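Q: Hi! I've got this one open on my screen and I'd like to talk it through. Where shall we start?

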Amino acid sequence: MDFRQHTASLDTLASVACDALLVVLAGEKAERTLDATLARLLADAVAHGDFEFKRGKAVLLHRPAGVKAARVVFAACGAATPKSLKAAFAAGVGQLKGGGSRHVAVAVGGAGDASAELAEALVAAVGETTYVYRHTKPGAPAAGALERVTLLCGKAAAKAVTQGLARGQAVAAGVTLARELANRPGNHCTPTYLGEQAKKLGKEYGLKVEVLDRKAIEKLGMGSFLAVAQGSAEPPRFIVAQYHGAAKTQAPIVLVGKGITFDTGGISIKPAAEMDEMKFDMGGAASVLGTLRAVAELKPKLNLVVIVPTCENMPGGRAIKPGDVVKSMSGQTIEILNTDAEGRLILCDALTYAERFKPACVVDVATLTGACVIALGHHHTGLFTADDALAAQLLAASTASLDPAWRMPLDEEYEEALKSNFADMGNVGGRAGGAITAAMFLRKFTGKYRWAHLDIAGTAWKSGAAKGATGRPVPLLTHFVMSQAS
């Protein structure tokens, strides 16, 4: 998709040459900013009940008289916030999705001049609305003819809009990569495949990428990670990818993504209903690889390391059993009380491995607990950290990227639930506060650096008719990483 900015005022929209003109209106007074022709068309749509000034409402007009564009779409956004504007962009583009419009020009009335934030919201909305999964469904509906989107703005805003469009395109490409990886079935997106995709990214962007096999993982002493992998015929992989945009002496940011390419629950097997969605259990891995792509495209002056432990969690003759005790790379022993709490078992060794980079901070990302879905639903990602400054930076990034997160507690009292009579810790506590005790488990392996954990179990994918990966939290992570460059 080609995104551009073009200088134009709202009183000249009728003369803009394009296949479709999308006019987003922030409040009823926004119609006063339009030229006479468009104001008349809008008033007529309102009078006939085809349009309301309510968020999410949109109407498509074909071949309107007096307008150069073949189609005009009016979309309402209510308050002129980036979140509301993004929803309006999505509603407007949705009216054109699958149609014959190749070039769409976008204008916003009632929100002042365009900004970098508005431009980025537009790119995100277009990417999310037009995405179509095809890898194993060649008969999927056509994505439509849309090739070019032009954001109309004032001359003073042109530079900021150009920057916002560039950042938006990088983030959108990262989101799309994450969605493509997570949407692939488990028999397609295997640990080996994830390793191949990481190498492909490395070749495209000049990154240093290592993909360790089982023998190399054994040599590192990752007993916890290998315990999860041992029940599957698919070989595990440990992916380490590095972007160097600053001096080697500068401490890197490290992102760790959970890469369970299919999770049956192991011996503690899950119910059959909706188990197909466990192909999304590598959403953390997909998101950190998507973020790596976005960052590599934006080329900030910082260093970034992405780590992905990836395997399947399967039942079998060699699978770990409840009650087994394994030794992690850190030397700490773990009693496996529930084999379906496997994500933390692969992440803990990756978090220990991260120490060798002497990181500025480490953020792990995982579809870790159903308890987080119960706590926060499907809107907010769960954020866990004892570092107030790091929490503030991640929350600021979540707000700026329209990828919301909510900070959860990490009080020491929660650690009591992980005590074991047979190992240094159990891998689960009781049912109460499950998302918190999972984070407390991970925290035991992060004592040598600043650390935060993102539980994306409720936000990495959607169920039902809209089933599919969301690509979250690529926007949040990209904004966070880019904020560290300054």
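A: Let's pick one residue. R293 touches A173, G174, L177, L201, E204 and Y205, leaving aside residues up to four places away in sequence. Touching, or contact, means heavy atoms within 4.5 Å.

Q: And where do these coordinates come from?

A: This is a predicted model, in which local features need pLDDT of at least 70 and side-chain atom pairs count only at pLDDT 80 or more, while totals for chains, interfaces and linings use all residues. Residues are numbered from 1 along each chain as its sequence is written, and side-chain values use heavy atoms, with hydrogens and water left out.

Q: Back to R293: is it buried or exposed?

A: R293 counts as buried because its relative accessible area is 18%. The cut-offs, for a 1.4 Å probe and protein chains only, are under 20% for buried, over 50% for exposed, and partly exposed in between. R293 sits in helix α8.

Q: How many helices and strands does the chain have?

A: There are 13 helices and 20 strands. Both are DSSP runs numbered from the N terminus: helices are H or I with at least four residues, strands are E with at least two. The chain's radius of gyration is 24 Å, close to the 23 Å of the globule rule for 486 residues, so it is as compact as a globular protein of that length. That radius is taken over C-alpha atoms, and the rule is 2.2 Å times the number of residues to the power 0.38.

Q: How much of the chain is buried?

A: Buried residues make up 55% of the 486. For contacts between residues at least 6 apart in sequence, 76% join residues at least 24 apart.

Q: Which residues of α12 are buried?

A: G434, A435, I436, T437, A438, A439, M440, F441 and L442. Helix α12 (residues 434-443) is mostly covered, with 9 of its 10 residues buried.

Q: New topic, aromatic rings! How many pairs are there?

A: The whole structure has 7 aromatic pairs. One of them is F225 with F238, a tilted pair at 6.2 Å centre to centre with 50° between the planes. Rings of Phe, Tyr and Trp (its six-membered ring) pair if their centres lie within 6.5 Å; planes under 30 degrees apart are stacked, over 60 edge-to-face, and the rest tilted.

Q: Where do F225 and F238 sit?

A: F225 is in helix α7 (residues 223-229) and F238 in strand β8 (residues 237-244), 13 residues apart, and the pair links distant parts of the chain. Both F225 and F238 are buried. The rings of F441 and F445 are tilted too, because their centres are 5.4 Å apart and their planes at 45°. F441 and F445 are also both buried.

Q: Which residues form an aromatic cluster?

A: F225, F238, Y353 and F357 form one cluster.

Q: What about holes inside? How many cavities are there?

A: There are 2 cavities of 30 Å³ or more. On a 1 Å grid over the protein atoms alone, a cavity is a set of points where a 1.4 Å probe fits but cannot get out, and lining residues have an atom within 4 Å of a point. Grid points are joined across faces, edges and corners, and the volume is the space filled by probe spheres set on them.

Q: Are E274 and K299 buried or exposed?

A: E274 is exposed at 55% relative accessibility, and K299 is exposed at 58%. E274 is in the loop between β10 (259-263) and α8, while K299 is in the loop between α8 and β11 (303-313).

Note on methods. On a 1 Å grid over the protein atoms alone, a cavity is a set of points where a 1.4 Å probe fits but cannot get out, and a pocket is an open set with protein on both sides within 12 Å along at least five of seven lines; lining residues have an atom within 4 Å of a point.
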